[in-house]
Amino acid sequence: MKELYHKIVNEFSKEDVITIFTKEGISQPQYIDLYSQQDLDQTNTELLTKNNLLIDWTVNHKEKSPIATLICRLSYGQFHNTSEHGTDDFFLTYIDKVHEVLKGLETKSTGKLTLIDEGFNHDEKSTLNVYLLQYECSYFGRNNTIERIGTYDKVTLKNELKYDF
């Protein structure tokens, strides 16, 4: 999951990804971090002024093929304290553009991200309005065995068995 986290961080710093946001008059996530309830800390002014992407995940190893669930918490600079309707539209566009970048992202240890759920987080303790994008993907980062599934066109057998009577 470390590899996926770093890929997400790097993806949002690429010039072509930044252009996706600037064409809409908004900025890409400027504060990307692992989620540790930063939105509940009223003294964290950095979250109030920047576009955020806070990342959390779980991996279910109980299944034969482990599944990772990635939760992305999005907030848009000062959205919570603004009564202007234009900000709502910028935030909704921000959500769409973040999803555009994340959908289908994959690494050597994860399959492609697939959106499974989304919606606003209505936690009253949060200092920000937070939108959740929840993705799933296959995960094989802790399992080093590779299944050999497929078809074979030709099998060559060698007759080298020797025996004595």
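Residues are numbered from 1 along each chain as its sequence is written, and side-chain values rest on heavy atoms, with hydrogens and water left out. Because the model is predicted, local features need pLDDT of at least 70 and side-chain atom pairs count only at pLDDT 80 or more, whereas totals for chains, interfaces and linings use all residues.

**View 1. The buried face of helix H1 (residues 2-11).** Helices (H or I, at least four residues) and strands (E, at least two) are DSSP runs, numbered from the N terminus. The buried residues of H1 are Leu4, Tyr5, Ile8 and Glu11, where buried means under 20% relative accessible area, exposed over 50% and partly exposed in between, with a 1.4 Å probe and protein chains only. Seen down the helix axis, these buried residues of H1 fall within an arc of 130°, so they line one face of the helix; the arc is that of the directions from the helix axis to the C-beta atoms.

**View 2. The salt bridge between Glu11 and Lys14.** A salt bridge is taken as a side-chain nitrogen of Lys or Arg within 4 Å of a carboxyl oxygen of Asp or Glu, and by this rule the count comes to three. The side chains of Glu11 and Lys14 meet at 3.2 Å, N to O. Glu11 counts as buried at 14% relative accessibility, while Lys14 is partly exposed, with a relative accessible area of 38%.

**View 3. The salt bridges of Lys97 with Glu24 and Glu100.** In the bridge between Glu24 and Lys97, the closest N and O atoms are 3.9 Å apart. This pair links distant parts of the chain, 73 residues apart, with Glu24 in the loop between H2 and strand E1 (31-34) and Lys97 in helix H4 (residues 85-102). Glu24 is partly exposed at a relative accessible area of 38%, whereas Lys97 is buried at 16%. The side chains of Glu100 and Lys97 also meet in a salt bridge (3.2 Å, N to O), and both residues lie in H4, three residues apart, about one turn of the helix. Salt bridges that share partners join Glu24, Lys97 and Glu100 into one network.
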